[in-house]
Amino acid sequence: MFITFEGPDGCGKSTQVTLLVEHLQRAGYKIRATREPGGTSIGEQIREVVHDPRNKEMDPVAEVLLYSASRAQHVAQVIQPALAEGAIVVCDRFSDSTIAYQGYGHGLDLEMLRSITRFATRGLVPSLTFYLDIAPETGLRRRQQDTSAEWNRLDAQALSFHQRVHQGYLKMVEAEPERWFVLDGEMAPQAVHEAIWRHLLPQLEQRQRRLE
Ligand code: TMP
């Protein structure tokens with residue numbers, strides 16, 4: 001089972017990934033937690049380049065290809081092998097981030113991005129995506145106040161960019177409601193986690209029955 005988390009910057013995804021991973025581990029599931037960009041040594045090196053605030057001149061197409069290169073390595077080296085071993089993979093961002101940020105945010109052609117994404121992922125699509133919704137203004141304010149968070153090149157984009165990303169996510173949720181589950185990112189982290197667990201548990205039980 002391949003679970004991803006998505007949402008605008010500052011939506012609280014990383015906290016939710018940690019809470020879910022700990023809960024799954026306590027419940028005895030074999031799990032692999034990972035993130036994008038990154039998740040592999042090559043991917044983490046790409047993350048440094050793509051997020052470095054000094055790389056102001058980065059072209060949006062180059063940006064897509066860097067995220068996609070990180071993803072291709074990640075799918076081949078980490079995600080597919082973990083899924084093949086029967087693990088539940090929990091990933092902090094995946095290809096939907098490319099559609100939201102480079103597609104809706106930068107305005108690159110969505111069909112082209114879908115095609116590049118299919119190539120990079122070998123067609124792998126998450127079975128379930130948790131979307132933490134938050135107003136872009138609130139998300140950016142949280143990021144600025146969080147001294148432990150890495151302030152990256154994408155955070156530094158104008159508010160209008162983050163508003164387009166947010167609207168893009170809402171369109172993606174609407175287009176594929178069976179895969180996405182929406183949560184209110186302004187709720188207390190524990191309440192968000194409980195809603196995630198309530199949604200996931202029946203799917204985990206169904207998966208367990210199939211394996212038996
Ligand atoms: P995060 O680790 O805080 O989620 O930050 C990752 C940043 O990278 C976030 O601003 C979104 C951006 N991003 C893209 O623009 N495209 C992508 O494909 C991915 C995976 C991330």
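Tutor: The side chains of E6 and R93 are joined by a salt bridge with an N to O distance of 3.8 Å, where a salt bridge is a side-chain nitrogen of Lys or Arg within 4 Å of a carboxyl oxygen of Asp or Glu. E6 belongs to strand β1 (residues 2-6) and R93 to the loop between β3 (88-92) and α4 (95-105), so this pair ties together parts that are 87 residues apart in sequence; strands (E, at least two residues) and helices (H or I, at least four) are DSSP runs, numbered from the N terminus. Both E6 and R93 are buried, where buried means under 20% relative accessible area, exposed over 50%, and partly exposed in between (1.4 Å probe, protein chains only). This is a predicted model, in which local features need pLDDT of at least 70 and side-chain atom pairs count only at pLDDT 80 or more, whereas totals for chains, interfaces and linings use all residues. Residues are numbered from 1 along each chain as its sequence is written, and side-chain values use heavy atoms, with hydrogens and water left out.

By the salt-bridge rule the count comes to 9. One of the pairs is E44 with R35, at 2.8 Å from N to O; here E44 is partly exposed, with a relative accessible area of 28%, and R35 is partly exposed as well, at 33%. R179 forms a salt bridge with E176, their closest N and O atoms lying 3.0 Å apart, and in this pair R179 counts as buried at 8% relative accessibility, while E176 counts as partly exposed at 30%. R179 and E176 are also linked with D96 in a network of salt bridges.
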